[in-house]
Amino acid sequence: MSKEMGVIVLGVFVVIEPYFGIPNTWHTFFSVIAGLVIIVLGFLLRGETLAGGHKDSPRNSFVENTVVTMVLEEEPEH
């Protein structure tokens, strides 16, 4: 699972966890653990962003616009 997906899953867990009907001590425990994991994942994602992002994505987010011209070679006349 990617770090981004981990943050999403833990966010959903934090939202629906109060409706599980578990005791307050367990609720507090799960909330603290989920919060700590989200913090760690956030730091890891921030580190990746500062280091240049994912390996398969380009470092710069812009593309220079250039005009591409094709030169057709003409056959010499005999």
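**A helix pair and its connecting loop**

Glu17 is placed in the loop that joins α1 (3-16) to α2 (24-51), where helices are DSSP runs of H or I of at least four residues, numbered from the N terminus. The coordinates are those of a predicted model, in which local features need pLDDT of at least 70 and side-chain atom pairs count only at pLDDT 80 or more, while totals for chains, interfaces and linings use all residues. Residues are numbered from 1 along each chain as its sequence is written, and side-chain values use heavy atoms, with hydrogens and water left out.

Glu17 is buried and yet has no salt bridge, the nearest side chain of opposite charge being that of Lys3, 25 Å away. Here buried denotes under 20% relative accessible area, exposed over 50% and partly exposed the range in between, computed with a 1.4 Å probe on protein chains only; a salt bridge requires a side-chain nitrogen of Lys or Arg within 4 Å of a carboxyl oxygen of Asp or Glu. For charge, Lys and Arg count as positive and Asp and Glu as negative, whereas His and the chain ends are not counted. When neighbours within four places in sequence are set aside, Glu17 is in contact with Ile22, Trp26, His27, Phe30 and Ser31, contact being defined as heavy atoms within 4.5 Å.

The axes of α1 and α2 come within 10 Å and cross at roughly 155°, the axes being lines fitted to C-alpha atoms over the stretch in contact and the angles running from 0 to 180 degrees between N-to-C directions. The two helices α1 and α2 are therefore roughly antiparallel to each other, a term applied to angles over 145 degrees. The contact is made on the α1 side by Lys3, Glu4, Gly6, Val7, Leu10, Gly11, Phe13 and Val14, and on the α2 side by Phe30, Ala34, Val37, Ile38, Leu41, Leu44, Leu45 and Glu48.

Apart from neighbours within four places in sequence, Leu10 is in contact with Ala34, Val37, Ile38 and Leu41; the C-alpha atoms of Leu10 and Ala34, which are 24 residues apart along the chain, are separated by 6.3 Å. Ala34, located in helix α2, is likewise buried, with a relative accessibility of 3%.

Glu48 forms a salt bridge with Lys3, their closest N and O atoms being 2.9 Å apart. Because Glu48 lies in helix α2 and Lys3 in helix α1, the pair ties together parts that are 45 residues apart in sequence. Glu48 is partly exposed, with a relative accessible area of 22%, and Lys3 is also partly exposed, at 30% relative accessibility. Ser2, in the segment before α1, is partly exposed with a relative accessible area of 39%, and the C-alpha atoms of Ser2 and Leu41, 39 residues apart along the chain, are separated by 9.9 Å.

Notes: Parallel < 35°, antiparallel > 145°, perpendicular 65-115°, else oblique.
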